[in-house]
Amino acid sequence: MSAAEAVEANGAQEKILNIENVSLSFGGVKAIRDVSFDVMKGEIRAIIGPNGAGKTSMLNVINGFYHPQEGSITYKGETRQDMRPYIAASQGIARTFQNVALFRGMSTLDNIMTGRSLKMNSNLFWHLWRWGPAENEELDHREFVEHIIGFLEIEAIRKTPVGRLPYGLQKRVELGRALAMEPDLLLLDEPMAGMNLEEKEDMSRFVLDVSAQFGTTIALIEHDMGVVMDLSDRVVVLDYGQKIADGTPDEVRKDQNVIDAYLGETH
Amino acid sequence: MGTDHTPAASTEDTFPKLLLRNAKIYANRPAMREKDLGIWQTWTWSQVLDEVRACAIGLQRLGVKPGVKVAIVGDNRPRLYWTVAIAQSIGAIPVPVYQDSVAEEMGYVLEHAEVTVVVAEDQEQVDKVLQIREDNDKLALILYDDPRGLEEYTVKGLHSFEDVQEIGRKALAGSPDVETKWLDGIAKGKGTDTSVMLYTSGTTGRPKGVVLSADNILISARNACKFEGLNETDEIIAYLPMAWVGDHIFSFGQSYTAGFCVACPESPETIIQDLREIGPTYYFAPPGVFENVLTTVMIRMEDASPLKQKMFKYFLGVAERVGEPILNGEKVSFKDRVLYAIGRFLVYGPLLNNLGFSRVKIGYTAGEAIGPEMFRFYRSLGMNLKQLYGQTEASVFVTIQPDGEIRSDTVGPPGPDVELKIADSGEVLYRSPGVFVEYYKNAKATKETKTKDGWVHTGDVGFIDGMGHLRIIDRAKDVGHLNDGTLFPPKYIENKLKFFPNIKEAVAFGHDRDFSTAFINIDLDAVGNWAERNNVSYGSYQELAAHPDVYSMIQENIEKVNKDLAGEPDVAGGQIKRFLILHKELDPDDGEITRTRKVRRSTVNERYKPLIDALYDEKKERQHISTEVTFEDGRKGKLDAEVEIRSVETFPVEQAALQEAAE
């Protein structure tokens, strides 16, 4: 049973995120033109499109890194003209990046622990001495992080500096850090870029497991069409900043616009 | 408490009885460890008894009757080890299965053993078992250890281990009779009861189910504990397949008889870290593992600073000279002792500690002959590594090297209570308390292997030397002769080749031929590291294997082996004349080697016939080959390659001797 079906079965077709008529431009370059789509709670939503279609810009708009000139974003029922990254983070939006953005000199464990920093409540005084409430708090967070390490099967690299890891594992650590935030909405920017087949299979399984086990809503950008079609419940297709299709993988696959824009043409 | 240990030893003739004893006399001593959430968790013997009892009674409630076969499928997990005792305590028979075998292989074993209950580790194994169940409706009950991903499964007869324990605990709380009945059942057990069925991986044909009685395993384990002085304070790390007899004896049999603690690694990938953290006192590894460790050490040393490299080389030299004599308690000069002590402080100690070997009291190696250089390397560092010769059919122990009589070229004298003799054909035979009952449902094979008066044919050729030590030459069917009649022991040659860090696997040919030749598998770690340092770029194993410089490197290695062989008149004729580097690694998924990394010669002969023919066609310098390969997910594909063939220098016997004199 896919996540979307699960949602339907519950009868609660709840929108976690609604993007309405968003436009974003950098000077004369129109990166996103009047795009609207929604993300349902618990689904896996893919954003696809050729290079330069505005996919990453869209993610950046969602987590508040870019501020659109027009349109509105409704997240968990609250409508805003634009998001702020810290609001996005504190309200449960986590993301990974197209190019791995980890702390290369720190261990896997420490990198994932940084994902918990927003959840740490005791004040600086205690943290300075790592004592009292700070110590207890850290133990709790460590336990949570260990669950993630077990979940992602990266026990063997727990103490390895991330810079020494192969690319595929770094991506997995990055996913771990995003998961450490216990996000409601997880944004994945090309989680499988540059991976070999086996690594892709592993990553796909983790994405599905995250969705199934934690009920996390996932919006992902991906180039590998096979992966997108297999993983996602619904797909939105962008081309030159415009939305050209939106629907289930099967619908999108058959859409003539999509075939012309993405699948049929060479790039 | 208060019972005298010696008479107690004779009354406990099954493992459930031993568990009850251990829970009494070692109640608060550690029995089992596992890493959970990054922290080692420990169960004491009394806690183990608690877990075992709950699950055993749960299984009884679910209708598991005496005589039922319970398959155990998974990596080394505490609950899977408990399952062995759980099954035995209700009169069922545990059948550990190789966890990485594909569904078809596993399906055969489950069907042949008439298994009805399976205890699996996780979703991966459960999926495999469910796939097998489609054609085998006998598999009524499936238990799993790790619930991850299995929450949504609504399959008949699928239970979590915990749920079954819960059923058991409820029953126990409901009436005191339940426990009494369970204890009565255990008390009725006898030493002649079947304790376990182990399927041999078998280099030829289908696996055979070796039936071992409680007496077999218990007496063998107890003898070996006494021989090596193992007791409840020892600790072992269990990382080899549970289906392998060695692991069953070391991590189950001996743990129960001596009462020592078994630590389960967090996952197969973390074994190196876990080893370092646990620091076992008792350790077993096949030569391949020691080989890998040595290769890794050597690679890492090449990246070390020049000063460290110098220090490492110097003190390794010292160790090579005096390390073994010191370990054997021989006379060594004061100066050398001081040097060795400094070396231990600066090099050997830190190195062993880094590898997790610093507490090792006894390290065993067996399964394949170990290269003498490698054996000496570990011993010279001060690790008490011994060789052992054993078989599933013997409950492991046939010969063990006693302290002070350890040599790399023999496997030692017969173990306690073992008798040994050599047949006229040169084949080694033994008789011991560990000799198996029978091959399950295979009277013919039983009769071929075990004589009426209990002697077992090992299938290995060997002889007993002047000191009463057994020396194994090779598998009887593998020892061959060149066309001119000279002896050709392939494994002996291959082991010499494999000592070079660059060479991971080698297959030598020569039986019924004019000269010997070899296939080489390079070690991707070692050669890859070399490539990195020398700016050689490569995209795959195949590309690296075909590189001319790699060929030259391997050629040098082989010439060294040839020179070595030339110094040994018996085998000098076996020098390698031509070789090639295979375009792919030999892989158990393709059936080329067994899961325990033994070469399946017939399969290799068949799959690479064109290459072998080309080795013996001295005009040929290249040969095209197309091989079918199995990918990890079970799909098949084709691999095409042009493989280069090179000739190497061989040395006449006299010349080698002369050269050595000149040097």
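**Pocket**

I started with the second largest pocket, which has a volume of about 380 Å³. The model is a predicted one: local features need pLDDT of at least 70, side-chain atom pairs count only at pLDDT 80 or more, and totals for chains, interfaces and linings use all residues. For my own bookkeeping, residues are numbered from 1 along each chain as its sequence is written, chains are lettered from A and ligands numbered from 1 in the order in which they are written, and side-chain values use heavy atoms, with hydrogens and water left out.

A pocket here is an open set of points on a 1 Å grid over the protein atoms alone, where a 1.4 Å probe fits, with protein on both sides within 12 Å along at least five of seven lines; lining residues have an atom within 4 Å of a point. The volume is the space filled by probe spheres set on the points, which are joined across faces, edges and corners.

What lines this pocket? I get 23 residues, and Q88(B), S89(B), I90(B), G91(B) and A92(B) lie nearest its centre. The elements giving two or more residues to the lining are α2 (15-25), α4 (78-89), α8 (176-188) and β8 (194-199) of chain B. Of these, α8(B) gives the most, five residues. (Helices are DSSP runs of H or I, at least four residues, and strands are runs of E, at least two, numbered from the N terminus.) By class I note 10 nonpolar, nine polar and four charged residues; Ala, Val, Leu, Ile, Met, Phe, Trp, Tyr, Cys and Pro count as nonpolar, Asp, Glu, Lys and Arg as charged, and the others, Gly among them, as polar.

I then checked α2(B): nine of its 11 residues are buried, K17(B) and R21(B) among them. (Buried is under 20% relative accessible area, exposed over 50%, partly exposed in between, with a 1.4 Å probe and protein chains only.)

**Domains**

Chain B splits into domain 1 (5-283), domain 2 (284-475) and domain 3 (480-662), with bounds from an automatic or database domain assignment. I find 41 Å between the centres of domain 1 and domain 3 of chain B, over C-alpha atoms.

**Open sheet**

Next I looked up a four-stranded open sheet in chain B, order β16-β17-β19-β20, with antiparallel pairing. (Two strands pair if DSSP finds at least two bridges between them.) β16 (419-422) and β20 (470-475) of chain B each have a single partner strand, so one side of each lacks a neighbour in the sheet. Neighbouring strands are turned by 50° against each other on average, direction ignored; axes are lines fitted to C-alpha atoms, and angles run from 0 to 180 degrees between N-to-C directions. β19 (residues 456-464) and β20 of chain B share five antiparallel bridges, and F463(B) stands opposite R471(B).

**Strand β24**

Why do I call β24 (residues 516-522) of chain B largely enclosed? Seven of its seven residues are buried, so the rest of the structure largely encloses this strand. One side carries S516(B), A518(B), I520(B) and I522(B), the other T517(B), F519(B) and N521(B).

β23 (residues 503-509) of chain B pairs with β24(B) in the antiparallel sense over six bridges, with E505(B) opposite N521(B). Their hairpin has six residues between the strands, and D512(B) takes a positive phi near 60° there. With β25 (residues 576-581) of chain B, β24(B) pairs in the parallel sense over five bridges; T517(B) stands opposite R578(B).
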